[in-house]
Every structure is written in C-alpha cells, then in structure tokens.
Amino acid sequence: MSHLIETPTPARQKRPFFLRRGPMETIATVLIGLGFLMLFQPFLLVLYTYSLVTLLAGTVMFIIVSKFPE
C-alpha cells in the first residue's frame, strides 16, 4: 500500500544567473586574465593603471563566488 502513496518531491528552485557558481566563476576567471593582459601590455598607461584593480576585483569575486551553491 505504501507504494501508492506519492511523496511530494521538493521543487528545485532555479537560481538567477548571478547566484550560480559556474557562470560567475567563469566571469571572475576572465576578469583575472584581463587584468594580467592589462598589466603586461606596454602601450597604454591607462590600462596599466587599472590592471591591479581588475586583478583584485576578479580575485575577490572568485573567492566569494566559489562559496555559492552549484
């Protein structure tokens, strides 16, 4: 008789894009790579100036986002 009783499965909530780990880790990794490219280019001083900020933003974002659920 117990096989006839339907147990409701909890509905899996779909998280918005900015609360999922996979896509946000990719964005953070791209930011870190962009910061390195900005750091090593010899032509524009503006890009060199903001490279550290870009690197730090990508690193902090990666640390925070890696704690998000899958």
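Colleague: Which residues of H1 meet which residues in H3?

Modeller: This is a predicted model, where local features need pLDDT of at least 70 and side-chain atom pairs count only at pLDDT 80 or more, while totals for chains, interfaces and linings use all residues. Residues are numbered from 1 along each chain as its sequence is written, and side-chain values use heavy atoms, with hydrogens and water left out. Taking contact as heavy atoms within 4.5 Å, and helices as DSSP runs (H or I, at least four residues) numbered from the N terminus, the H1 side is Arg21, Met24, Glu25, Ile27, Ala28, Thr29, Leu31, Ile32, Gly35, Phe36, Met38 and Leu39. Those meet, in H3, Ser51, Thr54, Leu55, Gly58, Thr59, Met61, Phe62 and Val65.

Colleague: And by class, how many nonpolar, polar and charged residues has that contact?

Modeller: Ala, Val, Leu, Ile, Met, Phe, Trp, Tyr, Cys and Pro go down as nonpolar, Asp, Glu, Lys and Arg as charged, and the others, Gly among them, as polar. On that basis, the contact of H1 with H3 has 12 nonpolar, 6 polar and 2 charged residues.

Colleague: Is Ser51 buried or exposed?

Modeller: Ser51 sits in helix H3 and touches Gly35, Met38 and Leu39, leaving aside residues up to four places away in sequence. Buried means under 20% relative accessible area, exposed over 50%, partly exposed in between (1.4 Å probe, protein chains only). Ser51 has 1% relative accessibility, so the label is buried.

Colleague: What separates the C-alpha atoms of Phe62 and Glu25?

Modeller: Phe62, also found in helix H3, counts as partly exposed because its relative accessibility is 32%. Not counting residues up to four places away in sequence, Phe62 touches Glu25, Ala28 and Thr29. Phe62 and Glu25 are 37 residues apart along the chain, and their C-alpha atoms are separated by 5.8 Å.

Colleague: What share of the chain's residues count as buried?

Modeller: The secondary structure comes to 3 helices and 0 strands, running α-α-α from the N terminus. Of the 70 residues, the buried share is 16%.

Technical notes. Helices (H or I, at least four residues) and strands (E, at least two) are DSSP runs, numbered from the N terminus.
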